[in-house]
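Dear colleague,

I am handing over the structure we spoke about, with its sequence, so that you can look at it before reading my notes. Please keep it open beside this message as you read.

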Amino acid sequence: MDYSAAFQAAVDTVRSEGRYRVFANLKRKNGDFPRATWAKEDGTEQDVVVWCSNDYLGQGQNPVVLEAMHTAIDETGSGSGGTRNISGTTWYHNELEAELADLHGKEAALVFTSGYVANDATLSTLYKVLPGLIIFSDAFNHNSMITGIRNGGGQKHVYRHNDLEHLEELLKAAPVNAPKLIAFESVYSMDGDISDIAGTIALAKKYSALTYIDEVHAVGLYGERGAGVAERDGVMDQIDIIEGTLGKAFGMMGGYVAGSAAFVDAMRLWAPGFIFTTSLPPTVMAGATASVRYLKEHNERRVAHQERAQTLMRRFRECGIPVLPSVSHIVPVLVGDAKHCKMISDMLLNDFGIYVQPINYPTVPKGTERLRFTPSPDHDDAMMDALVEAMDKLWAHCNVARMPAVA
């Protein structure tokens, strides 16, 4: 077999569909978020404004976070020393887990190397810990949740996105005595919609199911202390398992789960994705702890963040740019064609110094390709003026469908 030809054919297939991905070589500017420098292939550089970062609040450049990281590296050096079971648990890991447990009002928390690993490892392990478990999964759940459920090898049912009537039909048909878990997200990051958390909890109680909520696009951003949408809605104490990330609003890397002490201990002892991987370094743990603490006390950043997102959505709609019906901080603009989506993204970068990556299949279904904007509190009015003007020009230039302008 010609292996190289097979690899190239796989690449060519993606390229022919207009969804070949090119990663721009960016260098963020410390203290100047959301600006960055784009290093082009021809050796030149160009200043750009980043509009698609998941560092939603610019915490990756918060001096408080950076100071904590500098202190940790001066005190401890670089790596963690191994897996948590051997030599990779440090005071910094324990401190962060205590901070996360406090954030979510839970007995304990456990940190993983990423949010993806947290979902995959936890959901797959639950099948081992709860024999006969049936998981009910929202159709729009993240790939990490889908993978974890698949890797668990147990019974599952997928319910239509945010359709609690369909979820109840599936729950009602399941064996009464079987252990059950409902897995869903709070904020769905590609459409910007938010689940009915209280309604989901009510069904879980009615059918004796556990609740597992992915709050990765909500932690740091919602609630008085930044614990997520469940905190905002006053139902966090009724959620059994909360999964979150350190790699988005907290500006670091890593993922975690929070819940009862018994649940967390079971994951610590049973989850291969936790047991067999080197732990994150103390510098990351220290920065994450500082970031979580900071955002617990700075709700004004969340208020400013929501204002920027709502303002951008309003301004796009005023000039007929087709924003999907988001009710969160995500501003998804529908293009509907992979080639057009990449073309507009390239032109925004090359001609206007605006960086936003195209979102194509398999991240979203074919025919729903989009540009996903994530304004932060640091995207000022001048940046927004430049973006809206550029989008208006390109929508006309590329002859992409508009919506009726909203006054």
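What follows is an account of some helix packing, some helix ends and a few backbone features. Please bear in mind throughout that this is a predicted model.

**Helix packing around α4**

Helix α4, residues 115–129, packs with helix α5, residues 143–152, at an angle of about 30 degrees, and their axes are 7 Å apart. That angle makes α4 roughly parallel to α5, and the crossing of the two helices is right-handed. On the α4 side the contact involves Tyr-116, Asn-119, Asp-120, Leu-123, Ser-124 and Tyr-127, and these meet Asn-143, Ser-144, Met-145, Thr-147, Gly-148, Ile-149, Asn-151 and Gly-152 in α5. By residue class, the contact of α4 with α5 divides into five nonpolar, eight polar and one charged.

Helix α4 also packs with helix α9, residues 261–270, here at an angle of about 95 degrees and with the axes 10 Å apart. Since the angle falls in the range from 65 to 115 degrees, α4 is roughly perpendicular to α9. The residues that make this contact are Thr-122, Thr-125, Leu-126, Lys-128 and Val-129 of α4, together with Phe-263, Met-267 and Trp-270 of α9. They divide into five nonpolar, two polar and one charged.

**Packing of α12 with α14**

Another pair is formed by helix α12, residues 299–318, and helix α14, residues 381–397, which pack at an angle of about 30 degrees with their axes 11 Å apart. This makes α12 roughly parallel to α14, and α12 passes α14 in a right-handed crossing. In α12 the residues concerned are Arg-308, Thr-311, Leu-312, Arg-315 and Phe-316, which meet Asp-381, Met-384, Asp-385, Leu-387, Val-388 and Met-391 in α14. The contact of α12 with α14 divides into six nonpolar, one polar and four charged residues.

At the start of α1, a side-chain oxygen of Asp-2 comes to within 3.4 Å of the backbone nitrogen of Ser-4, and just after α1, Gly-18 takes a positive phi of about 80 degrees.

Helix α2, residues 63–76, has 14 residues and reaches 20 Å from its first C-alpha to its last, close to the 20 Å expected at 1.5 Å a residue.

**Backbone features in loops**

Most residues other than glycine have a negative phi, and most peptide bonds are trans.

The peptide bond from Phe-33 to Pro-34 is cis, with omega near 10 degrees, and Pro-34 lies in the loop between β1 (26–28) and β2 (35–39). The bond from Tyr-361 to Pro-362 is likewise cis, with omega near 10 degrees, and Pro-362 is found in the loop between β13 (358–359) and β14 (370–373). Finally, Asn-162 has a phi near 55 degrees, a positive value in a residue other than glycine, and Asn-162 sits in the loop between β6 (155–159) and α6 (164–173).

Definitions and conventions: Residues are numbered from 1 along each chain as its sequence is written. This is a predicted model: local features need pLDDT of at least 70, side-chain atom pairs count only at pLDDT 80 or more; totals for chains, interfaces and linings use all residues. Side-chain values use heavy atoms; hydrogens and water are left out. Axes are lines fitted to C-alpha atoms, for helices over the stretch in contact, and angles run from 0 to 180 degrees between N-to-C directions. Helices (H or I, at least four residues) and strands (E, at least two) are DSSP runs, numbered from the N terminus. Angles under 35 degrees count as roughly parallel, over 145 as roughly antiparallel, 65 to 115 as roughly perpendicular and the rest as oblique. A crossing is left-handed if the near helix is turned anticlockwise from the far one by less than a right angle, and right-handed if clockwise. Contact means heavy atoms within 4.5 Å. Ala, Val, Leu, Ile, Met, Phe, Trp, Tyr, Cys and Pro count as nonpolar, Asp, Glu, Lys and Arg as charged, and the others, Gly among them, as polar. The expected span of a helix is 1.5 Å times one less than its number of residues. A polar contact is a pair of N or O atoms within 3.5 Å; within protein, one must be able to donate a hydrogen and the other to accept it, and residues adjacent in sequence count only if both atoms are side-chain atoms.
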